[in-house]
Structures are given as structure tokens and as C-alpha cells.
Amino acid sequence: MKVEDCETDFPKLPALQKIETYPITGDKNIQMADNSFSDGVPPDSLEAAKNASNTEKLADQVMQNPQVLAALQERLDSVSHTPSSYIETLPKAVKRRINALKQLQVKCAHIEAKFYEEVHDLERKYAALYQPLFDKRREFITGDAEPTDAESEWHSENEEEDKLAGDIKNKAVIAEKEAAAAEEPNPKGIPEFWFTIFRNVDMLSELVQEYDEPILKHLQDIKVKFSDPGQPMSFVLEFHFESNDYFTNSVLTKTYKMKSEPDKADPFSFEGPEIVDCDGCTIDWKKGKNVTVKTIKKKQKHKGRGTVRTITKQVPNDSFFNFFSPLKASGDGESLDEDSEFTLASDFEIGHFFRERIVPRAVLYFTGEAIEDDDNFEEGEEGEEEELEGDEEGEDEDDAEINPKV
């Protein structure tokens, strides 16, 4: 086949700017044009222009639809009318008055801080009134005192049912039960009272290891003490232990330092007193009883002689009693890493929970009633939220029927 024959198969092309040679067969070459044209319009460009023209026509038709325009305007309004963008559009005189309102708001925050300081004084005052009752509670728990019949009388919700059941029992069954009751053990006080609370409360049970349990069974009381008048706001948790085989301390303490003043850098973030730091105490462990560390054995090989020796090393161990060796909040301006911040926040939350819930309502956490109340309260909140969401959905559906949108 001749080259001339091949060339006649191609359509006549406009003038070419660039010629490249492509091998066909043997040593024959054919000249072909690239896609650059000095005149004329390539087919791809014609198709693109046609598509662009169709798109413009379609856009014109869509934009003539009033419902589409209304929807577009609504979207633009929602984007542009943000609080910050609105403030930027205000005259300087109005912005000046807004700044004055912010100054007033800062003064309100400082007054609120004083309010919470007085609340702290009230807490201190009423803590002194609660303490005699808490002291008697400790005596009943430890068995140092026995409640009178009047003190131990309690009307339960099932009292009427119990009374009716007792009336229909015959004397023989009653006598048998009385005899069995007489043979029941009568331990001193309420055994493992505080340890049971630790087991019942998830927030605390997560911290307790198996080897912590024998120690916590010696816990006799937990007290909250508030800072003295005129002193920086704080509170102390006191954990009172009976004599045991693990440490010599009779009381372990944890002090939580608080702040009730607006942050100078961000005064509008003030929402009341907050825990800002905490201090633990030194536990005087008896030999071989420290559960906060564990001993591991490690082999070391001498680089020169090649000999191997075994060394023992103490490393930190998970334990509730690490609670008394807390992470310190950074006070030198350096920020803590994410894990440290989470650990510190969890510590503050536990301290607050002891102060606000566990100590004042200990018997209800022992019986589990307070835990059931907490669970019911949370479920009620969720149920209410779901109901409100359902109402909102219903309103949206009604609106859609009245004002249908494309």
C-alpha cells in the first residue's frame, strides 16, 4: 500500500501549526496533525459550546420558578444573617453601646462570684449542723452505738402488705420464724458499709481493683470539711480507716482547691465555683503492702562480659489509692496534654460527687435507692427530649402541608 493512498483516506484539514511523524509500517512515515489549530473550530469545542448554551437556558428556566427563588433566598438569609455578621453591619455608635453592655456583664459576673462565696459560707454553716447526725451515723455503722427502737422505726412502702401477710399466718409459723430469727448472726454495726457503696456506684467501682477490696473493708467513715472563713475556697475529703495490716494512717485526705472569680482572659465563661487543683496525702504503707506499685523482675546482660543478672524494679500499679496521689494542674502557664486533662477532669468530678452526693446520702447509695433515682431521672430527661422532638417533627409536617416546597 502506498503512502499516497493512505493520505487520501484523511479529510482535508485546516492549516497546521505543528507536524509530527508517526511510524506506520517498515520505514514508511505519515504526517499527522496535533490538536492545535490556527483557524477553524475543533469538534470538541463545538460540543462544549452547545452544552454551555443548553445549561444557560436551563438555568434561566429554573431561576424563573418563584418557589426555587424563595428557597434560594432563604438559604442566603440563613448564611448571611449570623450574629457576628450582623454586629459588623451596625454603626459605630451602636457598637460603642454594645461594648458598654459587655462591661456591665463583667461586673455582673463579679457580683455572681461574690454570691457563690456567700453560698460557700452557708455550706460551711450548715455542715456544722449536719455533722452531729453524721457522727451518729458513723456510730451505728461501726457498732459503737445501737439505735433505739424509736430511731430504728421505719415505715416502708410495703408496710400494709407485710401487715396483711402477718395477720393470715398461723401461730406455729410465726413461732418458727421467731426461733429462726433468734439463731441469726448479729454482726457488729453494718459490715462493709462504705465498701458496698464503692461497689454500687459505677464511678467508684471502676477505680477499685481486686487487691483494693480488703483495704476498703476497713473504711469506717468519709467526711467533708470546708475551708475556714477568710481562707481560699476549698474542701477536704477525709477517709477514716480502722487499724489494718496495710498502712498506719488512720485518716487519708484529699484537698480540692476551688476558685469563684471570673477569668480575666474570658470573664463571660464564668458559671460559678470550679475546682482548679487538688492535693493528696502520703500513705504510710507497711512493708510489702503498697498496692499502688508492683515489683517486676528484669534481666540485664553485660555488654562486655556477656553475663546476665536479674534485677527487681517497682512500677506504678492501678489502684483506687492512687486517688491520694493526684495529677497536679499546671500552674506555670504550660498546657497539659489531652490524657492528663481528662485524668484531672475525672478526678475533679469524683471529688465533687463525694462531696455533693455520696457523703450526704450515704445510706441511699448503700441500699441502691439513690442509684435507682439517678437512673430514673436520666431516663425521664431522655423521654421528655424524645417527646419534644416528636412534637417538632409534627409541626414540620404540618408546615410542609401548608407551604409545600419543591
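In which sense do strand 3 and strand 4 pair, and over how many bridges? Here are some notes on that and a few other features.

1. **Ground rules.** This is a predicted model, in which local features need pLDDT of at least 70 and side-chain atom pairs count only at pLDDT 80 or more, while totals for chains, interfaces and linings use all residues. Residues are numbered from 1 along each chain as its sequence is written, and side-chain values use heavy atoms, with hydrogens and water left out.

2. **Confidence.** The mean pLDDT (the predictor's confidence in each residue, from 0 to 100) of the protein is 78, and 66% of its residues reach 70 or more. Over residues 379-406 the pLDDT is below 50, and this stretch has three contacts in the model beyond near neighbours in sequence; a contact means heavy atoms within 4.5 Å. Residues 1-38 also stay under 50, with 29 contacts beyond four places in sequence.

3. **Strand pairing.** To return to the opening question, strand 3 (residues 219-226) and strand 4 pair in the antiparallel sense over seven bridges. Strand 4 and strand 5 (residues 251-259) are likewise antiparallel, over seven bridges. Leu-237 of strand 4 has Val-224 opposite, and Leu-237 also stands opposite Lys-254 in strand 5. Two strands pair if DSSP finds at least two bridges between them; helices (H or I, at least four residues) and strands (E, at least two) are DSSP runs, numbered from the N terminus.

4. **Strand 4 under cover.** Eight of the eight residues in strand 4 (residues 234-241) are buried, where buried means under 20% relative accessible area, exposed over 50%, and partly exposed in between (1.4 Å probe, protein chains only). In a regular strand the side chains alternate between the two faces of the sheet. Here Ser-234, Val-236, Glu-238 and His-240 point one way, and Phe-235, Leu-237, Phe-239 and Phe-241 the other.

5. **The core.** Phe-198, Phe-239, Phe-321 and Phe-354 have the most contacts inside the largest nonpolar core, which has 46 residues. Helix 12 (residues 338-358) gives the most to this core, with six residues. Such a core is a set of buried Ala, Val, Leu, Ile, Met, Phe, Trp, Tyr and Cys residues joined through side-chain atoms within 4.5 Å. Not counting residues up to four places away in sequence, Phe-239 touches a list of residues including Phe-198, Leu-252, Phe-320 and Phe-354. Phe-198 belongs to helix 9, where Phe-193, Trp-194 and Phe-195 are among the other buried residues.

6. Lys-225 forms a salt bridge with Glu-238, the closest N and O atoms being 3.6 Å apart. Lys-225 lies in strand 3 and Glu-238 in strand 4, so the pair ties together parts that are 13 residues apart in sequence. Lys-225 is partly exposed at 43% relative accessible area, whereas Glu-238 is buried at 13%. The rule for a salt bridge is a side-chain nitrogen of Lys or Arg within 4 Å of a carboxyl oxygen of Asp or Glu, and by this rule the count comes to 13.

7. **A salt-bridge network.** Lys-328 and Asp-277 meet through their side chains at 3.2 Å, N to O. This pair links the loop between strand 8 (308-316) and helix 12 to strand 6 (residues 274-279), 51 residues apart. Lys-257, Asp-277, Asp-279 and Lys-328 are linked in a network of salt bridges.
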